[in-house]
Amino acid sequence: MREQVHKLFSECMTRATDEDLLIMKQLLVGIQRKNSGENGSIIGGVFAMDRKMEDGNFEVSIPITPVTHNSLEIVHGGVTATLVDTAMGTLANMILPEGYGAVTTNLNVHYLAPGVGERLTAHATVVHQGSKTIVVDGKVVSSEGKIVAHSTGSFFIFRKKQ
């Protein structure tokens with residue numbers, strides 16, 4: 001496997017544009033971020049997700065780079081959905097007692113503006129916490145303060161296997 005990856009990496013390096021090199025760097029740094037524990041998943045590492053909790057509002061932000069772009073050179077809608085789902089799902093899991101987890105059962109995303117600028121930040125707040133489900137409200141905002149997307153998500157609560 002190492003030889004295959006090394007060969008592929010060498011071939012990509014040979015023909016790489018400056019943008020390709022930037023993308024490859026972000027992907028490799030993402031692997032490092034995951035391996036060092038800075039991010040808990042490869043998605044979090046590759047998108048360079050930064051997280052913070054403030055006054056019951058959980059935030060996840062990412063830089064806008066060629067890795068996040070679609071063919072129109074704006075943030076891909078799937079990246080926006082991943083960002084807001086991550087913020088909402090992480091908050092849902094943070095508020096649960098030890099031994100419990102939550103997974104997304106429904107995600108609604110209303111795209112309101114293109115994802116442009118330097119960063120996108122997803123904000124999540126709990127709307128309802130029941131014994132079986134949690135409902136969370138999400139909002140994605142550009143670094144210029146424009147609302148890019150509004151979202152709601154439902155999360156199923158389950159007991160983790162010991």
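Q: Where is Asp 18 found?
A: In this predicted model, Asp 18 belongs to helix 2, which covers residues 18-36.

Q: Is Asp 18 buried or exposed?
A: Exposed: Asp 18 has a relative accessible area of 67%.

Q: And which residues form the negative surface patch?
A: Asp 18, Glu 19, Asp 20 and Glu 73 make it up.

Q: Where does Glu 73 sit, then?
A: Glu 73 is in a loop, the one between strand 2 (57-63) and helix 4 (77-94). Glu 73 is exposed too, with 57% relative accessible area.

Q: OK, what about the phi of Ala 48?
A: Ala 48 also has a positive phi, near 55°, and again this is a residue other than glycine. Ala 48 lies in the loop between helix 3 (42-46) and strand 1 (50-54).

Q: Does Ala 48 count as buried or exposed?
A: Buried, because its relative accessibility is 16% and the cut-off for buried is under 20%.

Q: Let's zoom out. How many helices and strands does the protein have?
A: Four helices and six strands. Reading along the sequence, the pattern goes α-α-α-β-β-α-β-β-β-β.

Q: What does the C-alpha trace span?
A: About 55 × 40 × 25 Å along the principal axes.

Q: How much of the protein is buried?
A: Buried residues are 35% of the 162 residues. As for the accessible surface, that comes to about 9900 Å², and carbon and sulfur atoms account for 55% of it.

Q: And the contacts, what share join residues at least 24 apart?
A: Taking contacts between residues at least 6 apart in sequence, 59% join residues at least 24 apart.

Q: What is Gly 99 in contact with?
A: If you leave aside neighbours within four places in sequence, Gly 99 is in contact with Phe 158, Arg 159, Lys 160 and Gln 162. Gly 99 itself is found in the loop between helix 4 and strand 3 (100-111), and is buried at 15% relative accessible area.

Q: Switching to charges: how many positive and negative ones are there?
A: There are 15 positive and 16 negative charges, and the mean positions of the two sets are 9 Å apart.

Q: How many salt bridges does the count come to?
A: Five. In general, side chains of opposite charge can pair when their charged atoms come close.

Q: Start with Lys 7. What does Lys 7 form a salt bridge with?
A: Glu 11, with the closest N and O atoms 3.8 Å apart.

Q: Why are Lys 7 and Glu 11 separated by about one helical turn?
A: Because the two are four residues apart in helix 1, residues 2-15. Lys 7 counts as exposed at 55% relative accessibility, while Glu 11 counts as partly exposed at 37%.

Q: What about Arg 33 and Asp 50, how do their side chains meet?
A: In a salt bridge, with 3.4 Å from N to O. Arg 33 is in helix 2 and Asp 50 is in strand 1, so this pair ties together parts that are 17 residues apart in sequence.

Q: Is Arg 33 buried or exposed?
A: Arg 33 is buried, with a relative accessible area of 12%. Asp 50 is partly exposed, at 35%.

Q: Which arginine in strand 4 does Asp 50 link up with?
A: Arg 119: the pair links distant parts of the chain, 69 residues apart, with Asp 50 in strand 1 and Arg 119 in strand 4 (residues 119-129). Asp 50 and Arg 119 form a salt bridge whose closest N and O atoms are 3.2 Å apart. Arg 119 is partly exposed, with a relative accessible area of 28%.

Q: So which residues are linked in the network of salt bridges?
A: Arg 33, Glu 38, Asp 50 and Arg 119.

Definitions and conventions. Residues numbered from 1 in each chain as written. Predicted model: local features only at pLDDT ≥ 70, side-chain atom pairs only at ≥ 80, totals over all residues. Heavy atoms only, no water. Patch = residues over 30% accessible without salt bridge, like charges linked within 9 Å, V, L, I, M, F, W, Y side chains within 5 Å. Areas by Shrake-Rupley, 256 points an atom, 1.4 Å probe, with all protein chains shown as cover. Salt bridge = Lys/Arg side-chain N within 4 Å of Asp/Glu carboxyl O. Lys, Arg positive; Asp, Glu negative; His and termini not counted. Charge placed at Lys NZ, Arg CZ, Asp CG, Glu CD. Buried < 20%, exposed > 50% of the residue type's maximum accessible area, 1.4 Å probe, protein only. Contact = heavy atoms within 4.5 Å.
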